[in-house]
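Hi everyone, thanks for coming.

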Amino acid sequence: AGVLVLAAIAVISLFVIVALSLDDGEEENIEISGASEVQTLVGGIRQLGNRLGREDAPVTVEVFNDLQCGKCAEWQLDVIDPLIEGPVRAGELVFRHFSVEPDRATGAGGFGAVSAGLQDHQWQFIELFFRNQDTAEEQGVVTQRFLDAVANGILNLNVEQWQRDFNSDQIRETLDADELRAVDLRIPSDPAVLVSGPGGSELLVEAPSREEVEAAINEAS
């Protein structure tokens with residue numbers, strides 16, 4: 001099983017490298033929306049890499065989701081965003097990049113998000129990407145121009161540094177670790193949440209509802 005996992009990670013890295021090598025060509029600028037909404041949502045909440053909220057929080061909610069999955073975007077906005085507005089301000093959210101399609105690697109969106117996380121802006125990138133996913137789909141692939149547009153929509157992000165970090169070994173290692181975490185937990189091909197706290201841990205799979213996640217948070221507290 002360990003050999004198969006390592007082989008899968010090698011394939012993941014290969015597909016992502018190929019995806020990032022695509023030539024966008026010369027097209028008109030991409031416009032994105034929701035930057036102020038995202039800043040209102042997460043602004044003022046402590047961030048550290050893929051973590052949002054208090055580092056010493058009694059309850060941690062790990063979110064396993066895929067930036068390049070249409071149904072996953074809807075789930076994120078319906079289930080996770082209300083947690084950011086409520087319980088997370090007294091807790092902590094951790095984002096894990098997890099491809100919900102077994103035959104597709106974690107995409108370029110994950111690279112962009114983790115790169116933004118090196119400047120503690122990963123959650124802004126994630127939320128802004130999800131809100132503009134339809135624009136990316138119109139391109140057919142996630143282009144570098146689209147990723148640049150998302151990055152430019154984030155307040156105080158050093159975009160030049162973000163571009164330099166984009167394809168670093170650290171980014172690949174983080175994405176591989178996220179996929180391994182999902183494999184270890186045997187998460188099926190849907191968004192999932194792992195809630196951990198003094199009251200115990202509970203894994204919620206198959207795109208759990210907001211009510212299910214909030215109930216798990218209360219049990220873990």
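**Rings, sheet and helices**

Let's start with the aromatics: there are six aromatic pairs in this structure. By a pair I mean Phe, Tyr or Trp rings (for Trp, the six-membered ring) with centres within 6.5 Å; planes under 30 degrees apart count as stacked, over 60 as edge-to-face, and the rest as tilted. One of the pairs is F95 with W123, edge-to-face, at 5.7 Å centre to centre and 90° between the planes. This pair ties together distant parts of the chain, since F95 sits in strand β4 (residues 92-97) and W123 in helix α5 (residues 122-131), 28 residues apart.

Quick housekeeping before I go on. This is a predicted model, where local features need pLDDT of at least 70 and side-chain atom pairs count only at pLDDT 80 or more, while totals for chains, interfaces and linings use all residues. Residues are numbered from 1 along each chain as its sequence is written, and side-chain values use heavy atoms, with hydrogens and water left out. Helices (H or I, at least four residues) and strands (E, at least two) are DSSP runs, numbered from the N terminus.

Buried here is under 20% relative accessible area, exposed is over 50%, and partly exposed is in between (1.4 Å probe, protein chains only).

There's also a cluster of rings, with F111, F125, F129, F146, W162 and F166 linked through ring pairs. Two of those names come back in the largest nonpolar core, which has 50 residues: I80, I84, F125, L147 and W162 touch the most other members. As background, nonpolar side chains in soluble globular proteins tend to be buried together.

Now the sheet. It's an open one of six strands, in the order β1-β2-β4-β3-β5-β6, with mixed pairing. Strands pair if DSSP finds at least two bridges between them. At the edges are β1 (47-48) and β6, each with a single partner strand, so one side of each has no neighbour in the sheet. Inside, β3 and β4 run parallel and share six bridges, and E62 stands opposite V94 in β4. Strand β5 (residues 192-197) and strand β6 (residues 200-204) are antiparallel, joined by five bridges. Those two make a hairpin with two residues between them, and G197 has G200 as its bridge partner in β6.

What lies on top of these strands? Helix α9 lies across β3, β4, β5 and β6, at about 95° to β4. (Axes are lines fitted to C-alpha atoms, for helices over the stretch in contact, and angles run from 0 to 180 degrees between N-to-C directions.) In α9 (residues 169-185) you'll find R181, which is partly exposed at 29% relative accessible area. R181 touches E62, F64, R96 and L194, leaving out residues up to four places away in sequence; contact means heavy atoms within 4.5 Å. R96 is 85 residues from R181 in sequence, yet 8.2 Å away in space, C-alpha to C-alpha.

In α10 (residues 210-220), the buried residues are V213, A216, I217 and A220. Looking down the axis, they fall within an arc of 100°, so they line one face of the helix; the arc is that of the directions from the axis to the C-beta atoms. They pack against β3 (60-65), α3 (70-85), β5 and β6, while E211, N218 and E219 are exposed on the other side.

Helix α2 (residues 35-42) has V38, L41 and V42 buried. These cover an arc of only 75°, which puts them on the same side of α2. Their cover includes β1, β2 (51-53), α3 and α5, and the face turned away carries S36 and T40, both exposed. Just past α2, G44 has a positive phi of about 90°.

Technical notes
A nonpolar core is a set of buried Ala, Val, Leu, Ile, Met, Phe, Trp, Tyr and Cys residues joined through side-chain atoms within 4.5 Å.
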